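Morning, everyone. Please have a look at the model on the screen, and then I'll walk you through it.

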Amino acid sequence: MHHEHHLQSSDTIRDIVIGMSDGLTVPFALAAGLSGAVNSSNIVITAGIAEIVAGSIAMGLGGFLAGRTEADHYSSELKREYEEVEKVPEQEKMEVKEVFAAFGLSEKLQHEVAEEMAKDKDKWVDFMMRYELGLEEPKANRATQSAVTIGLSYIAGGIIPLSPYFFIANSQQALYYSCCITMICLFVFGYFKSKVTGQPVIAGAFKVLFIGAIAAAAAFLMAKLITA
């Protein structure tokens, strides 16, 4: 028996990817930059935690606003489609025919499908939303779920590069361990992100690793230049 495998909960996975990727990269770059300027791990921890708190709130709020915007846009277009099937039904039938014409159906079938669909306005509008406008109805509480998922993922990612500083007093020594731990986590994260999204896993893992390494190196070198 043939089983089709498709990605499920893509919105949640996208939110985790957004939160984790920024959470691993931004606090890591901040810690690396501060380690190039100061020797105290306490300073790095204080600044890092402050950044994680602020970053998680900002990222979560961004996810919430994006979710609300998507829901508001869908509601607005849904209202417009209902008005159009009431006021200009023939025009809307023509648009249905155009959709099926693109699928290669004959004019006779296009006409029959359009007439049959017009008997149920709810299904008609749903069809137009999906195939004319390319819009799917957002899930209930999508904005709140997105905000929470992104925020928590950012915190989870941000704690990783900071963890060595809790145990090593000298920030520059802690940075070596932070680099090793974070590079491994970036590689593993990139691997699984590529796996669930159907991308080449090794290339995806190295891409995420490379971006994180470049960000941290740039922050560290800039701090060294400023304090030199």
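**Serine 153 and its surroundings**

Let's start with serine 153. Leaving aside neighbours within four places in sequence, serine 153 is in contact with Asp15, Ile16, Gly19 and Met20. Keep in mind that this is a predicted model.

Where does serine 153 sit? Its place is in helix α6, which covers residues 142-162. Is serine 153 buried or exposed? It counts as buried, because its relative accessibility is 8% and the cut-off for buried is under 20%.

Aspartate 15 is found in helix α1, residues 10-35. Aspartate 15 is buried too, with a relative accessible area of 1%.

Next, helix α2. This helix runs over residues 41-87. At 1.5 Å a residue, its 47 residues should span 69 Å. The end C-alpha atoms are 68 Å apart, so the two values agree. Look at the start of α2 as well. There, a side-chain oxygen of serine 40 comes to within 3.3 Å of the backbone nitrogen of asparagine 42.

Further along is glycine 55, also in helix α2. Glycine 55 is buried, at 11% relative accessible area.

How many salt bridges does the structure hold? One. Glutamate 77 forms a salt bridge with arginine 80, and the closest N and O atoms are 3.4 Å apart. Both residues lie in helix α2, three residues apart, about one turn of the helix. Their surroundings are worth a note. Glutamate 77 is buried, with a relative accessible area of 12%. Arginine 80 counts as partly exposed, at 41% relative accessibility.

On to the nonpolar cores. The largest one has 14 residues. Among those with the most contacts inside it are Val96, Phe100, Met117 and Trp124. Which elements give two or more residues to this core? They are α2, α3 (89-102), α4 (107-117) and α5 (121-132). Of these, α5 gives the most, with five residues. Take valine 96 as an example. Not counting residues up to four places away in sequence, valine 96 touches Ala114, Met117, Trp124, Phe127 and Met128. There is also a second, separate core of 12 residues, including Phe28, Ala32, Val44 and Ala216.

Last, the record. An unreviewed UniProt entry annotates residues 43-66, 147-168, 174-192 and 204-226 as "transmembrane region". What does the model show for two of these spans? Residues 43-66 are 100% helix and 0% strand, with end C-alpha atoms 34 Å apart. Residues 174-192 are also 100% helix and 0% strand, and there the end C-alpha atoms lie 27 Å apart.

Conventions:
Residues numbered from 1 in each chain as written. Predicted model: local features only at pLDDT ≥ 70, side-chain atom pairs only at ≥ 80, totals over all residues. Heavy atoms only, no water. UniProt positions renumbered as here; feature names shortened; annotations may be inferred. Helix = DSSP H or I, 4+ residues; strand = E, 2+ residues; numbered from the N terminus. Expected span 1.5 Å × (residues − 1). Polar contact = N/O pair within 3.5 Å; in protein donor to acceptor, adjacent residues only side chain to side chain. Core = buried A, V, L, I, M, F, W, Y, C linked by side-chain atoms within 4.5 Å. Buried < 20%, exposed > 50% of the residue type's maximum accessible area, 1.4 Å probe, protein only. Contact = heavy atoms within 4.5 Å. Salt bridge = Lys/Arg side-chain N within 4 Å of Asp/Glu carboxyl O.
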